[in-house]
Amino acid sequence: MTTRLRGTLVGRDSELARLKDACTRISDEPVAVLVGGEAGVGKTRLVREFADAFADADMQVLTGQCLQLGEEGLPFAPLAGALRQLLRRDGPAVFATHQADFARLLPELGPVGPAVLDEAHRAYLFDLVAGLFERLAATRPLLLVLEDLHWADRSTRDLLAYLVRVARPASVLVVVTYRSDELHRGHPLRPFLAELDRVRTVDRFELDRLDRNDTARMIRELLGAEPPTGLVDDVFERAQGNPLFVEELTHCTGDLPDSLRDLLLSRVDRLDEAAQRMLRVFAAGGNRIGHDLLAAVSGLQPPELEEALRSAVAAQLVHADPDGGYAFRHALVREAVHSDSLPSERVRLHTRYAAAIEADPGLVGSDRAPAETAHHWFQAHEPRRALTAAAAAAELAGRRYAYAERSQLLERVLDLWEQVPDAAEVLGMSHLDLLEATATSGYTAGDYARALTLIRAALAEVDERKAPQRAARLLMSRGRCLRKLGTSDGIADLDRAHDLAARVESLPDRLTLLAELASALVCVDGERSARVAQEVLGGLTPGTDVPLEMSVWLTLARARKREWSDEDQVAAIRRAAADAERIGDTHGYLRAHVNASHHLFSLGRYAESLAAAELGLAAAHRVNAHRTSGALLLTNATEALIALGRWDDAETMCTRAVRLDLPGYGAGPVLNLAARLRLARGTEDAPEMVARALRFLDRPYLEAQFRAPLTELRVRTRLAAGDVAGALTAATPGARDADLLADPRDAWPLLAAAARAAATAGGAGRELSRTVLTAAAALARPNPRDRAFAAEVAAWASGDLGDWATAVAAWRADGAPYPLAEALTAYAHAAAAAGDRTAAAAALDEAADLARPLGAAPLVDEGEVLAHRLGLRPGREADEVLTAREREVLRLVAEGLSNSRIARDLFISPKTASVHVSRIIAKLSVGNRTEAAAVAHRLGLLDG
């Protein structure tokens, strides 16, 4: 089974590398590769991608397909298919004098020779086939692909064994695919594969399902755009990483497509009726089920149940869990089986499950019982019982901080509300109460779009005159949702909430509202936020409401950061964190650690920033705040790890954050950090990650704290690609944007990148350089990090060796290894220009010692290029100027290949190939591809 995906092959780099490695070995010995995997996992796509790269003058490709007829099918069917391709390509003459013998496989060749009945004649046929392949491979290497070997007849298997173990034709690579999920215990392919595994020249591997990141990449390829919020989670949960299922479900929401359902049910239909009936009972219970629950609902006697389960396990539809239960091997199989049941049967089964769990919650565990019961009563069309069960389950989920689950359960209660006439009396709450509670849960779970919809519905029901406090609270929530989703700054709603707060008669309630308002305003209007916070403090008696005081001081620490000293801000934040921990206010504790980790990084206190983020992450994990405070803390921790030089740990943090698939602008900061890491390391996926991050710049209402780092990233990306004009174009508006330059934390890195672009552009960058220096003169520099950036800006502007020495000293004081390595490399360039080779050599050595452990390959390469030009590395090989991958690319450039052809040959994207070529041209200081090839030959970079 093959997917129909076109474009980049996702998640198969290591497998393609194994096939490519096998191809490089066939000149010494014949090699066979056996590729297994479940239906739809992408075996055919992988092999075709590999074959397409060689279907030209480099290698000839023949493909044969086994037929779904098994032992009763046509003998040698895949071989006949491959030979038929050969006949169409080269004509009958390719079979030389053996046309009558090969006519047994290809009737179109004409009359066959005498009947072949004994083993000797069959061996003769095998020898003819091996001889044919060897003759073909004598001119060009041969790739023979045999697909779906699980359907192969015995003759085909015997022929394959002969080719691999006996004949071993030279310069032939045999690639075989088979479905591992078809190999039941008695399948004839199982012992055959075991025998081939013992052959030294056979490589066997199985394709795994895609992980969530690769599933997301595949969905982006299919859609040609970023997937809608929630689509990745939905598709990954249902498809479980199977590429065929991912493709089908990406373009189809709701019920399974008929074609996919038929495929999934084809193996179920082979079971006997008792096993099929058991599977229908199982499917109603979910993807996993305990043995006792299945026995209670099915009503089968132990021997009957065990026999039915044994059949399902043997058919590889179900597998046994270590805890004694069972699980479907694929969630979509369960979905297909359940949907194939009759509606009345489904109702009956869900009723049985609900009754069984209510009678004995221990069948699923007391923590799961309310949610399971709610689900089954809902599916059994018992709205009243489902309503009360869902409400109870939601309350339990809230106590366990399972916000996403609570949100889903409250959504179920909302669905059922109209079906139960006295729902308000049954639950003891109004519809408006339920809407607000569900919206709050959705917001807490990070589902801002759904929360916004519910808040709007609640606002339609609330009377501002009678309930100003509730209306104000809902308006503030709506403003926050709009800002999180990037559809508005939310100011209008916050203004209206402020007006309504004045109508709240109860002083404690009014002060609570104003504290929430001050917190909501801090990101959009710091001055007004501080005024509202001071108003709250003026109305509070100290010590009477610790959580409220703590919230206000956290707000003031951000809103008054220009007026307060650094130590006063840190002290206020830490005091708030301690108070929150003392009184058990988890929300306040998380907020304090988000603020602390952010602010400490601004001061260049990176280790303290990381420690604060890690404390917050532990708390976020305890209360399941992964997509809200947890996401901010992951981003802050990643930023601190990058500054500390712990880049591998930072990559791990980035991966965790990206997997959250945050809505709105939530993913922007972490994608920015992930892109920076990959750009600095020169990884092949850097262009893709950079493009994903920079797309946020096209969105409206993007806050300056997000726009400034992304603008800096755009400038750095252009410079890395050698696009100096593009870097100037990107940097100039940013260096003039007062909003982007308002906060020194984000303004200094942007100005440093702009100064570098201006210096690189020479005369064309003079105007930008003046703009940068003017902006820098007006910008505060209260801590070592700011002073280091300020020194770097001055050094880029002057190019003076003394200014670069100052910048190096400033970065040394800051302690971040990568900016120090960059400054040392720039200092080396300045020293070289001044003729001081000794200073340049020392700076380059130190920069390399800093950059290599980080994996910052482009910076290491830049230093190596300069060292070679200065003759500072006489004992080292010239080909160290380029990385191994760049030497591969350069060889193909020297052969005259285009970027698209280079991409095909090296299994990379054309965009990545283009980046490699640009980097090579920059490293060799040449103007184009032709000059690069000439320099490569002159320096001996292509030798060997």
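Tutor: A salt bridge is a side-chain nitrogen of Lys or Arg within 4 Å of a carboxyl oxygen of Asp or Glu. This model is predicted, so local features need pLDDT of at least 70 and side-chain atom pairs count only at pLDDT 80 or more, while totals for chains, interfaces and linings use all residues. Residues are numbered from 1 along each chain as its sequence is written, and side-chain values use heavy atoms, with hydrogens and water left out.

Student: What makes Arg496 and Glu464 a salt bridge?

Tutor: Their side chains meet at 2.5 Å, N to O. The limit is 4 Å, so the pair counts.

Student: Why is this pair said to tie parts together?

Tutor: Arg496 lies in helix 24 (residues 491–501), and Glu464 lies in the loop between helix 22 (448–461) and helix 23 (468–485). These parts are 32 residues apart in sequence, so the pair ties them together. Helices here are DSSP runs of H or I with at least four residues, strands are runs of E with at least two, and both are numbered from the N terminus.

Student: Why is Arg496 called partly exposed?

Tutor: Its relative accessible area is 28%. Buried means under 20%, exposed over 50%, and partly exposed in between (1.4 Å probe, protein chains only). Arg496 is therefore partly exposed.

Student: How do you know that Arg745 and Glu639 form a salt bridge?

Tutor: Their closest N and O atoms are 2.9 Å apart. That is within the limit, so they form a salt bridge.

Student: Are Arg745 and Glu639 buried or exposed?

Tutor: Arg745 has 8% relative accessibility, so it counts as buried. Glu639 has 19%, so it counts as buried.

Student: Why are helix 8 and helix 10 called oblique?

Tutor: The axes of helix 8 (residues 212–223) and helix 10 (residues 243–250) come within 10 Å and cross at roughly 45 degrees. Axes are lines fitted to C-alpha atoms, for helices over the stretch in contact, and angles run from 0 to 180 degrees between N-to-C directions. Under 35 degrees is roughly parallel, over 145 roughly antiparallel, 65 to 115 roughly perpendicular, and the rest oblique. The two helices are therefore oblique to each other.

Student: What stands out about phi in Asp148?

Tutor: Phi of Asp148 is near 60 degrees, a positive value in a residue other than glycine. Most residues other than glycine have a negative phi. Asp148 sits in the loop between strand 3 (142–147) and helix 6 (154–167).

Student: What makes Asp148 buried?

Tutor: Its relative accessibility is 4%, so Asp148 counts as buried.
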